[in-house]
Structure formats: C-alpha cells, structure tokens
Amino acid sequence: MNPFNYQGPVDPGNLIDRRQELDALQRAAADRVAVRLAAPRRFGKSSLLDAHVLAMREAGHRAVRVDLSRVATLSDVATRLARAYAELPVDPGRSVRRWAARLEVRASVAGMGLGVGMPAPRPPADEARAALLELLDVPRTVHATDSELTVVCFDEFQEILVADDAVDGLIRSVIQHHGKAAAYVFAGSQSSLMHALFSEHERPFYGQARPLELPPLPIAEAARDIEGLLTADGLDPTGAVDELLAYSGGHPQRTILLAHHLYNLLEEQPEHPDPATAALELALDETQDAHQALWDGLGRNERLVLLAIGDGQAPTGSVIASEHRVARSTLQDALERLLADRRHVQRGLDGRAHLLDPLFAWWLRTR
C-alpha cells in the first residue's frame, strides 16, 4: 500500500520529520503551557497534531484533536467537542454522553455506548451555549477522578469566530481554571484570524499561548524519511528523491503528493529513466483545475505579480512595470493585497515575496 497519503492527515507513523515541533509540543504539555500553532493550509498541521495526540496517549495521558473546520454555529462547536471527547476513556459526570445524544453525535464509540437513532432537532443558541460550557469543563472533571493530564488540540481554531465573534471569551472563561488538568494547542491555517485572536489587546486570548510556527520540511531529513519509506517496500529511488524535493521546496503536502506519484512510478516501472520529472507531471495534471480556478479568479495586476515571483523577478520592479506598462505603485498595491490574503504569497526571512504552493509556481512556468 502506498504510504504517502496526501488527501488527509498523514498517519503518525509516516510523518516526515517534525521532530523539533513535536518536542516543543510535548515540553509545553508537560509544563501545562498553551501553544498557538500557525501554518498555511496543506502544511501538515493536522498531521502534526495527530502525531502529538498519539505521543501523549503513548505516554499515558488523555489526548484528543477537536476538528473545528467549517463550524458555523455554537451548536456546531459543541458538537465537535462532544465528538472528540467521546474518545475519552472516562466520563464521570456523564456530560459527554448526555450532550452527545442531544447534539446528534450518534456514532458508536468504545466505552461510551452512543447508539444510532433518529436525529434530534438542533438545540437553540442558549442550549448550545450551555452544552459548550459544560463540555469545555470535561478535562477538569475527569482530572478530579485520577489527577491525569488531558491534552486538547483545537484544529482550525480561528473558525470559532465564524460561529460567534464572542465565543473565544466563553472558551477562555472556562479553560483558564484548568491549571494542571489540561494542556491546550490552538492551531489554525488562517494566520490573519489567528493573529487577531491571540495578538489583539481586546481579545480574551491576547498573549495567552506560546507561538509555534510550522516551517517547510527540512530537505535533508525529508529526503532520508522518504527514501526510507520507499526502500522499505523494495523500491530503488536512486537520485529521484533529491530531485523531487527540489520541485517541492519542502512544502509538506506537495512533497507527499509528489512522493505518492514517485512511489507508484517506481513500483510500476522500476527502470523509468526520469521518475521524479514524471511524478511532477502527474502532480501538475492532478492539480491543473485548482491552479486554473485560482488564476481565473485573479485580476490582471495580481497575475503580473504572481508571474514575476514565479520567474524569480522583482514583482514591483521597473522591468515588470515597463514591460507591461503598469505603474510600480499599482504592482505594489497588488502585491500587498496578495500578502494580506496570506493564501498564496508570503514574505520569506529574506524579506522577498514567494509563492506558497511550489506546484502553482511550476504551473505558471509551464502554462
């Protein structure tokens, strides 16, 4: 079975590197220090959280990942919390069991006895708020029974602002009293909203979590891990992995996507003359529609800026401005809009703008 799963969180056993980040999360959990983990989409954030949850469970602690992606109401937030806490081995106050039934969490869970039945009507906002308040306090309740730690990883935490602009205050009002009972990780992919939640003075979580950035994969470690997975299945990747990582630039999801295609090529054609380039072509074919949709949604000036960045040129320089008869200030405005959007362009440590998605950069060069 191809070990490179690129369509969802990576199995913790196949996680490429991230040892430094896992160590930081584990030290913070031991000290009961909250962590704010920010990373662009498809940068392996959920995979890292799953690996952290597994490590904490293996160390004898309780640990869950609460997926908050696309929540729209307080009821949604409470439902996601009930679903995650249903994995906990104890529920002394029966609050998870009670609210799970009320919030339509009906999947059978070992030890919980949650049955499958007719869906209950959505609770009103005040009842959803009551559910959320009680469920948020579950780590403290279970700690009172055995004094053990519960690690809670909120994934896509910024989505709570969609459900209710004041729900961060509600969450903070409960978990601030958990002390030794729980350790929290607040992870998100929309950096502007995560910044607002933790860096604006008027927000309840201002200054309440240690920041942890998720950088691209270190090339040497990624090459070692990918080669190890390939050779473990009897495949010979001689030279191909280094070339593959030159294409991906260490972007986590794109690296796994390319490795997935490389695995299949080596399995089907062990003597392929250039499997890394062939893997790139397959990945570009697979992502073509997404790149085209992104391109079609951009204005002319944003396109000029992206093309320049992809070609390694100064996107607001005189060469681009003169070639396309556009004022440099107009290009600067377009660049600032792309940077503010934070989905496609970011500034590197050297201060230069770069494309987040290396496959989009390759698509721009070959379109």
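What follows is a set of questions and answers about labels in this model.

Tutor: This is a predicted model: local features need pLDDT of at least 70, side-chain atom pairs count only at pLDDT 80 or more, and totals for chains, interfaces and linings use all residues. Residues are numbered from 1 along each chain as its sequence is written, and side-chain values use heavy atoms, with hydrogens and water left out.

Student: Why is E159 called buried?

Tutor: Buried means under 20% relative accessible area, exposed means over 50%, and partly exposed is in between (1.4 Å probe, protein chains only). E159 has 11% relative accessibility, so E159 counts as buried.

Student: Where does E159 lie, and what does E159 touch?

Tutor: E159 lies in the loop between β3 (150-155) and α7 (160-163). Helices (H or I, at least four residues) and strands (E, at least two) are DSSP runs, numbered from the N terminus. Contact means heavy atoms within 4.5 Å. Leaving out residues up to four places away in sequence, E159 touches R41, L68, S69, R70, V71 and Q190.

Student: What makes A183 buried?

Tutor: Its relative accessible area is 4%, so A183 is buried. A183 lies in strand β4 (residues 182-188). A183 and L149 are 34 residues apart in sequence, and their C-alpha atoms are 7.4 Å apart in space. L149 is also among the residues that A183 touches.

Student: Why are F360 and W363 called a stacked pair?

Tutor: A pair of aromatic rings is described by the distance of the centres and the angle of the planes. Rings of Phe, Tyr and Trp (its six-membered ring) pair if their centres lie within 6.5 Å; planes under 30 degrees apart count as stacked, over 60 as edge-to-face and the rest as tilted. By this rule the count comes to 14 aromatic pairs. For F360 and W363 the centres are 5.8 Å apart and the planes are at 15 degrees, so the pair is stacked.

Student: Are those two residues buried or exposed?

Tutor: F360 is buried, at 2% relative accessibility. W363 is buried too, at 4%. Both lie in helix α17 (residues 358-366), three residues apart, about one turn of the helix.

Student: How do you know that a charge sits over the ring of W362?

Tutor: The rule asks for NZ of Lys or CZ of Arg within 6 Å of the ring centre and within 35 degrees of the ring normal. The charged end of R365 sits over the ring of W362, 4.8 Å from its centre.

Student: Which residues of α4 are buried, and why do we say they line one face?

Tutor: In helix α4 (residues 95-102) the buried residues are S95, V96, W99 and A100. They fall within an arc of 120 degrees seen down the axis, so they line one face of the helix. The arc is that of the directions from the helix axis to the C-beta atoms. Their cover includes α3 (74-85), α5 (125-136) and α6 (138-146).

Student: What about α8?

Tutor: The buried residues of α8 (residues 167-175) are V167, D168, L170, I171, V174 and I175. Their arc is within 160 degrees, so they line one face of the helix. Among the elements covering them are α3, α5 and β4.
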